[in-house]
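Let's take a friendly walk through one part of a protein model. Have a look at the picture first, and then read on.

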Amino acid sequence: MEQDLPLGEGQTQSPGAYVESLSATSGLPHSLVRRNMAKIQQVFTEMPTILRGLTRGLESAVLDTG
């Protein structure tokens with residue numbers, strides 16, 4: 001949400017540039033792009049809780065080894 005991220009070989013993209021690019025290609029207003037970024041951040045922040053709920057507490061090693 002706040003840091004530049006890798007984009008191709010040796011390049012980075014700032015959050016502001018991402019908003020500009022996605023808005024230009026999708027036609028979405030900047031406010032909706034930023035809101036979607038916040039939703040994605042929340043999902044990744046809550047990923048451990050989401051996985052525990054989906055696997056009902058199953059050990060993560062079981063998923064890795066089958």
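## About the model

This model is predicted, so local features need pLDDT of at least 70 and side-chain atom pairs count only at pLDDT 80 or more, while totals for chains, interfaces and linings use all residues. Residues are numbered from 1 along each chain as its sequence is written, and side-chain values use heavy atoms, leaving out hydrogens and water.

## Two packed helices

Two packed helices are described by the angle between their axes and the distance between the axes. Here, helix α2 (residues 30-45) packs against α3 at an angle of about 60°, and their axes are 5 Å apart. The two helices are therefore oblique to each other (angles under 35 degrees count as roughly parallel, over 145 as roughly antiparallel, 65 to 115 as roughly perpendicular and the rest as oblique).

Which residues of α2 and α3 meet? From α2 come Val43, Phe44 and Thr45, and from α3 come Met47, Pro48 and Ile50; contact means heavy atoms within 4.5 Å.

## The loop between them

Glu46 sits in the loop between α2 and α3. Its C-alpha atom is 26 Å from that of Ser23, a residue 23 positions away along the chain.

## A nonpolar patch

On the surface, Val43, Ile50, Leu51 and Leu54 form a nonpolar patch with about 360 Å² of accessible area together. Helix α3 (residues 47-55) gives the largest share, three residues. Leu51 lies in α3 and, at 43% relative accessibility, counts as partly exposed.

How values were computed
Patches are made of residues with over 30% relative accessible area and no salt bridge: like charges are joined within 9 Å, nonpolar side chains (Val, Leu, Ile, Met, Phe, Trp, Tyr) within 5 Å. Accessible areas come from the Shrake-Rupley method with a 1.4 Å probe; for residues, only the protein chains shown count as cover. A salt bridge is a side-chain nitrogen of Lys or Arg within 4 Å of a carboxyl oxygen of Asp or Glu. Helices (H or I, at least four residues) and strands (E, at least two) are DSSP runs, numbered from the N terminus. Buried means under 20% relative accessible area, exposed over 50%, partly exposed in between (1.4 Å probe, protein chains only). Axes are lines fitted to C-alpha atoms, for helices over the stretch in contact, and angles run from 0 to 180 degrees between N-to-C directions.
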